[in-house]
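Dear colleague,

Here is the structure I said I would pass on. My notes on it follow below the display.

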Amino acid sequence: MFIYILLVVLVLGALGLVIHFSLDKKVIYKDLKDKHVVITGGSSGIGKAAAVEAARLGAHVTVIGRDTGKLTAAVAEITASCRDQKNQKVQYVALDVTSDYKAIEKCFVSIEEKLGPIFMLINCAGMCICGQFEKTDPDVIKQMVDLNYFGTAYPTRCVLQGMKKRNEGLIVFVSSEAALIGIYGYSAYSAGKWAVRGLAESVIMELVGTNVRLTLAFPPDTDTPGFKNEDLTKPEETKLISGTAGLHSPDDVGKQMIHDALTGKTYSVYSVTGTLLTLLFGGSLESGMQVVLQVLSLSVVRIIMVGVLLSFYNIVRDGLKKKNEVKTK
Ligand SMILES: NC(=O)C1=CN([C@@H]2O[C@H](COP(=O)(O)OP(=O)(O)OC[C@H]3O[C@@H](n4cnc5c(N)ncnc54)[C@H](OP(=O)(O)O)[C@@H]3O)[C@@H](O)[C@H]2O)C=CC1
Ligand SMILES: CCCCCCCCCCCCCCCC(=O)[C@@H](N)CO
């Protein structure tokens, strides 16, 4: 028995060490002084909170969105957070990130002409329209992928070459905890966020040997204008399931996203559920320790997850029962 345990510990220790030494070194930055940070969706919610934090850390900031009213207000708020009001520059650019590639590329060229090479790109523009799939407007099904996936893929395609050439840069993808588990009512939305995750994990492998890093964020429900809006039409079942992970503040999520990227994390997670879900379903080699934990916890966390999933199916069945009762009355 003792020998068996010793063997397991040795094998796991060796696994942890092999991973530790075969990974590229973490690139860690203390602040963003004089760096150019671009944030799509930086005029509201999580993106705005991330922009404010970047300004506090000394960055020149470009925020991207469509509504110039929201962008102007955001620029004022971000400017007020700059630690060096005289030298830091904050600008907005009106761009629809679902535009065709050429238009996005042109816009990114002009952004770099104005404030210099992009050091950090945070792809935060996104939104969720909930509902059962067969009741979802086909245009919305397409919009969820256009905005959440292509709205991340195209801007990233624009900056990658320059970053690789300069051999420095940070990219953040904002996915969702709903990209780790399928949830009633998030059908159209989650497709885009799962795609973002697939893209991230492949690009991360393509960055091997460079100092460019990509961080994949998995926020849970976060109290933003976008969340308030989606909540208006959200099925009760979706609210109950999604609520399991709690409601978080955009300031906390935006701030942590920046710091996770600066400290070279591949995943940025914000709640216990996020930690458990990435432990179970995550594909990154975040660290040797993470992989050892995955191996050790796999069966236990999987059993917990099956229990959780069963309870989610019960929520859906209860909802169905209630709807049938209303119909027969
Ligand atoms: N809040 C939550 O519960 C969660 C959010 N997320 C993700 O986090 C990100 C931010 O969400 P949140 O802060 O809640 O959203 P908000 O709705 O508060 O902000 C969305 C931002 O994206 C911009 N935007 C939307 N569509 C486009 C477009 N086509 N082109 C350019 N900019 C656009 C908006 O500006 P404008 O409308 O002017 O274009 C706004 O600045 C999204 O990707 C979302 O999916 C993930 C998990 C949970
Ligand atoms: C063993 C593991 C146990 C884990 C428990 C599982 C909990 C699942 C909760 C999923 C929450 C999804 C939130 C998505 C928010 C989002 O993307 C929208 N608000 C869109 O804006």
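**Ligand 1**

An oxygen atom of ligand 1 sits 2.5 Å from an N or O atom in the side chain of Thr-224. Two further polar pairs go to the backbone. A nitrogen atom of the ligand is 2.9 Å from a polar backbone atom of Val-97, and an oxygen atom of ligand 1 is 3.2 Å from a polar backbone atom of Gly-226. On its own, ligand 1 has 880 Å² of accessible area, and the protein covers 93% of it.

Please keep in mind that this is a predicted model. The mean pLDDT of the protein is 95, with 100% of its residues at 70 or more. The scores for the model are ipTM 0.98 and pTM 0.96.

**Ligand 2**

The shell around ligand 2 consists of 20 residues, of which Ser-176, Tyr-186, Tyr-189, Asp-221 and Glu-230 come nearest. Three of these names return in the polar pairs, each through the side chain:

- Ser-176: an N or O atom of its side chain is 2.6 Å from an oxygen atom of ligand 2.
- Tyr-189: a polar side-chain atom lies 2.7 Å from an oxygen atom of the ligand.
- Asp-221: an N or O atom of its side chain is 2.8 Å from a nitrogen atom of ligand 2.

Taken alone, ligand 2 exposes 600 Å², and the protein buries 93% of that.

By class, the shell of ligand 2 has 14 nonpolar, three polar and three charged residues. H7, H10 (272-281) and H11 (288-328) each supply at least two residues to it. H11 accounts for the largest share, five residues.

**Annotated spans and helix H11**

An unreviewed UniProt entry lists residues 6-23 and 291-313 under "transmembrane region". In the model, residues 6-23 are 94% helix and 0% strand, with their end C-alpha atoms 26 Å apart. Residues 291-313 are 100% helix and 0% strand, and the end C-alpha atoms of that span lie 30 Å apart.

One residue of helix H11 is worth a separate entry here, Ile-304. Is Ile-304 partly exposed or buried? Ile-304 counts as partly exposed because its relative accessibility is 45%, and that class runs between 20% and 50%. Ile-304 and Leu-276 are 28 residues apart in sequence, and their C-alpha atoms are 9.5 Å apart in space.

Regards

Terms used:
Residues numbered from 1 in each chain as written. Chains lettered and ligands numbered in written order. Predicted model: local features only at pLDDT ≥ 70, side-chain atom pairs only at ≥ 80, totals over all residues. Heavy atoms only, no water. Polar contact = N/O pair within 3.5 Å; in protein donor to acceptor, adjacent residues only side chain to side chain. Areas by Shrake-Rupley, 256 points an atom, 1.4 Å probe, with all protein chains shown as cover. UniProt positions renumbered as here; feature names shortened; annotations may be inferred. Helix = DSSP H or I, 4+ residues; strand = E, 2+ residues; numbered from the N terminus. pLDDT = per-residue confidence, 0-100. Near = heavy atom within 4 Å. Nonpolar A, V, L, I, M, F, W, Y, C, P; charged D, E, K, R; others polar. Buried < 20%, exposed > 50% of the residue type's maximum accessible area, 1.4 Å probe, protein only.
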